[in-house]
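Please look at the structure first, then read the points below.

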Amino acid sequence: MPTQPRFAPLAALLLLGLTAPAGAQDKGSVNPRPLPPLADPDAPSTPAKELFGRAATPAPGPAHPYGSYAKGCFSGGEALPVDGATWQVMRLSRNRMWGTPHLVDFIERLAAKAPKVGWTGLLVGDMSQPRGGPMLTGHASHQLGLDADVWLTPMPSHRMSRAEREETSATDMVRGDRLDIDPRVWTPEHLRLIRLTAQQPEVARIFVNAAIKKALCREAGGDRGWLTKVRPMYGHNYHYHIRLACPDGAGECGDQAPPPAGDGCGEELAYWFSDAVLHPKPPKVKPKPRPPMTMAALPAACRSVLKTR
Ligand SMILES: [Zn+2]
């Protein structure tokens, strides 16, 4: 993956493909309609998201991520169990509770630690599709089985029903003017949970809304090393995004360049509150939508990941 220029939220936006916010708040259905079969799935022009979006089960075989966060797939996927003592998976209809065993183990361990920082438990949003790859809606990353969204809403004390998991809304943590967090919903435990996550050695990056990063910068106190991993991003006002580094020995997994040193609380953060970012002028000529990614853009191994039964 190319190195991200220092002040490049737009490049970062393209990288994550967040044309629309990832949508933890989008409701699901207990009875999702199955996707119609494709007329010609093997045509080279078939968008890869149409193929991976129809893969309902993991690719058998040893766990292996192939490619990069926004152009990749994985074999040997595991589902995070929908319930644990300190986590619950949301929006089950999306079937995005999959990841490499490395990610699944990580989420389970993080969830176990959450109560120690005063967070009742994790509401887990989108991870990956069973075989990863691009998705029909939402994110452009989350393809490698190493990304997970966690809601910024603490887990309730009861086991949520299927319907509640589809219909409950996440909490918007950002104030209407987008310049800061909403103090009516932001708590010290939010900082503690994000800090706990950033302090885990497996974590490469965390994405949050710039207003949330601003609050973290203000409230972090003297221990600031963990802030390096917490990167401002569009959206991410309902959930935070955890990105793990490639696990040891995953030879065909492409890490992203490490984030720039420092806490990222200075000039870089200020840029996100500039007029150009907060109130971008609409382009004079509407840019042509980029054609969707096809299998040719993904590592060759992803063809077998897709086909293996
Ligand atoms: Zn995400």
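The link of Cys 246 and Cys 253 is left-handed, with -80° about the S-S bond. The sulfur atoms of Cys 246 and Cys 253 are 2.0 Å apart, and the two form a disulfide (a pair of cysteine sulfur atoms within 2.5 Å). This is a predicted model, in which local features need pLDDT of at least 70, side-chain atom pairs count only at pLDDT 80 or more, and totals for chains, interfaces and linings use all residues. Residues are numbered from 1 along each chain as its sequence is written, and side-chain values use heavy atoms, with hydrogens and water left out.

**Disulfides**

- The count comes to three disulfides by this rule.
- Cys 246 and Cys 253 are buried (buried means under 20% relative accessible area, exposed over 50%, and partly exposed in between, with a 1.4 Å probe and protein chains only).
- Cys 217 is joined to Cys 265 by a disulfide, S to S 2.0 Å, and this link is left-handed, with -85° about the S-S bond.
- Cys 217 is in helix 6 (residues 210–219) and Cys 265 in the loop between strand 11 and helix 7 (267–271), so the pair links distant parts of the chain, 48 residues apart (helices, H or I with at least four residues, and strands, E with at least two, are DSSP runs numbered from the N terminus).
- Cys 217 has 10% relative accessibility and therefore counts as buried.
- Cys 73 forms a disulfide with Cys 302, and their sulfur atoms are 2.1 Å apart.
- The disulfide of Cys 73 and Cys 302 is left-handed because the torsion about its S-S bond is about -100°.
- Cys 73 lies in strand 2 (residues 71–75) and Cys 302 in helix 9 (residues 301–307), so this pair ties together parts that are 229 residues apart in sequence.
- Cys 73 and Cys 302 are both buried.
- Counting bonded cysteines along the chain, the disulfides follow the pattern 1-6, 2-5, 3-4.

**Zinc site**

- The zinc ion has His 142 (NE2), Asp 149 (OD) and His 241 (ND1) as its protein donors, 2.0 to 2.2 Å from it (donors are N, O and S atoms within 2.8 Å of the metal, or 3.2 Å for Na, K and Ca; water is not among the atoms, so sites may look incomplete).
- Along the chain, the donors of the zinc ion follow the spacing H-x6-D-x91-H.
- His 142 lies in the loop between strand 7 (122–124) and strand 8 (147–151), and His 241 in strand 11 (residues 239–244), so the pair ties together parts that are 99 residues apart in sequence.
- His 142 counts as buried because its relative accessibility is 0%.
- His 241, at 2% relative accessibility, counts as buried.
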